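These are my notebook entries on one structure. I looked up the ligand, a pocket and a few backbone angles.

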Amino acid sequence: MTGVLVPLGSDAAAGLRPATREVLTLARDLGEVTALAHTTPTADLLAELGSYGVTRVLTTPLPEPASAAAVAAQAVVSAVTEVSCAVVLFTSSFTTKEIAAHTAHRLGAGLLIDVGGVHLDGGRLVGGKRAFGGTWETVCEVRTEVAVATVTPNAVMARPAPQPTVPELRDLPAEIEVPPRLELLERTVADHSGDTRPSLAEAAIVVSGGRGTFGDFEPVEELADALGAAVGTTRDCVEEGWLPPEAMVGQTGTTVAPRVYIGAGISGAPHHIGGMAGAGTVVAVNIDDEAPLVQLADFAVIGDLSSVLADAVEALREHGG
Ligand SMILES: Cc1cc2nc3c(=O)[nH]c(=O)nc-3n(C[C@H](O)[C@H](O)[C@H](O)COP(=O)(O)OP(=O)(O)OC[C@H]3O[C@@H](n4cnc5c(N)ncnc54)[C@H](O)[C@@H]3O)c2cc1C
């Protein structure tokens, strides 16, 4: 088997998300790239896929409940069989990780979750990931004929292909069975139309505030906006009702792997660090130079967060953002 399959999931409708562009960038280095969509791609999307070197786009609609991993995975398995792919690369979200697990189970394939980089070694997929709260760098090799992996956001810089392609568009005849007893009872779609900040899970920069804010997140939000960043927080702040649960970073919240993570007024409990240790560069702002996050950080500023963050915003404005 050869080739790489990249399922586009729901982002085919609105254009490619940055995380998908990153996965396509990695996929290109492994072999010929086929994308899987569930609606017919627009001309703009096809052109964008071509600019990332995708040679083929398979489309197949999904029956309801389309969002169920057990349903979506069957389409991925059909696509793998149709074009004889050796590797399936997903972006990494709660949804895609579940689909990846179902896909690997159905294919009898090895599965790597949240890898930061992938390459082939003797035809086998090898992926690297941080484990145990970022204290270990691990490398895993998949020894099955087909390998499935999810790639953590911001693992690589998205790069268009040196030579754009014109992807072949093909219908995928997939027979998808909705598992018995799987029934969609209710669907609640979160309204992100008013969101002005990137999503926490995929943002390249995250500015988080902890209990040291004493509930005043204005300096945190101002810095986030100056940097085009997402806003995160700790569980304690969510429990205080200062920010909604969707903003929580950590073991029981969202796992983030931004290029830059700024933690202000956050002590750095293991539960929190477990969710952000994959960040490229960590900056801590704290009045306590012995706080664990300060000890872990690449850069630390010891001082009151409201004045440190305000100074940072002013400096960014002075330098044009
Ligand atoms: C089962 C379980 C799961 C958990 N899961 C999570 C999780 O997923 N995510 C998570 O975040 N937590 C989680 N927690 C909670 C976690 O253990 C910590 O309690 C929490 O992360 C601490 O939040 P904090 O850093 O905001 O607060 P604190 O630990 O109180 O730290 C506040 C920090 O602010 C500093 N500070 C105070 N004033 C200022 C100032 N003016 N300027 C700058 N710095 C200042 C202090 O020096 C201190 O370091 C979990 C706990 C349990 C038991």
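Which residues are closest to the ligand, and how many surround it? I found that 24 residues surround the ligand, and the closest are Thr234, Thr252, Ser267, Asn286 and Asp304. A residue counts as near if one of its heavy atoms lies within 4 Å of the molecule.

I note here that this is a predicted model, in which local features need pLDDT of at least 70 and side-chain atom pairs count only at pLDDT 80 or more, while totals for chains, interfaces and linings use all residues. Residues are numbered from 1 along each chain as its sequence is written, and side-chain values use heavy atoms, with hydrogens and water left out.

Entry: Asp236 has a polar side-chain atom 3.0 Å from an oxygen atom of the ligand. For His272, a polar side-chain atom lies 2.9 Å from a ligand oxygen atom. Val249 uses its backbone instead: an N or O atom there lies 2.9 Å from a nitrogen atom of the ligand. On its own the ligand has 1000 Å² of accessible area, and the protein covers 76% of this. I note that such areas come from the Shrake-Rupley method with a 1.4 Å probe. Helix H6 (235–239) and helix H7 (270–273) are the elements that give two or more residues to the shell. Helices are DSSP runs of H or I with at least four residues, and strands are runs of E with at least two, numbered from the N terminus.

**Entry: second largest pocket.** I read its volume as about 540 Å³. A pocket is an open set of points on a 1 Å grid where a 1.4 Å probe fits, with protein on both sides within 12 Å along at least five of seven lines; lining residues have an atom within 4 Å of a point. The volume is the space filled by probe spheres set on the points, which are joined across faces, edges and corners. I counted 28 lining residues, and Asp114, Arg130, Thr152, Ala257 and Gly278 lie nearest the centre. Strand S5 (110–115) and strand S7 (124–131) each give two or more residues to this lining, and S7 gives the most, with four.

**Entry: backbone angles.** Most residues other than glycine have a negative phi, and most peptide bonds are trans. I found a cis peptide bond between Glu64 and Pro65, with omega about 0 degrees. Pro65 is in the loop between strand S3 (54–59) and helix H3 (69–83). Ser84 is not a glycine, yet its phi is positive, about 50 degrees. I placed Ser84 in the loop between H3 and strand S4 (87–91).

Methods: A polar contact is a pair of N or O atoms within 3.5 Å; within protein, one must be able to donate a hydrogen and the other to accept it, and residues adjacent in sequence count only if both atoms are side-chain atoms.
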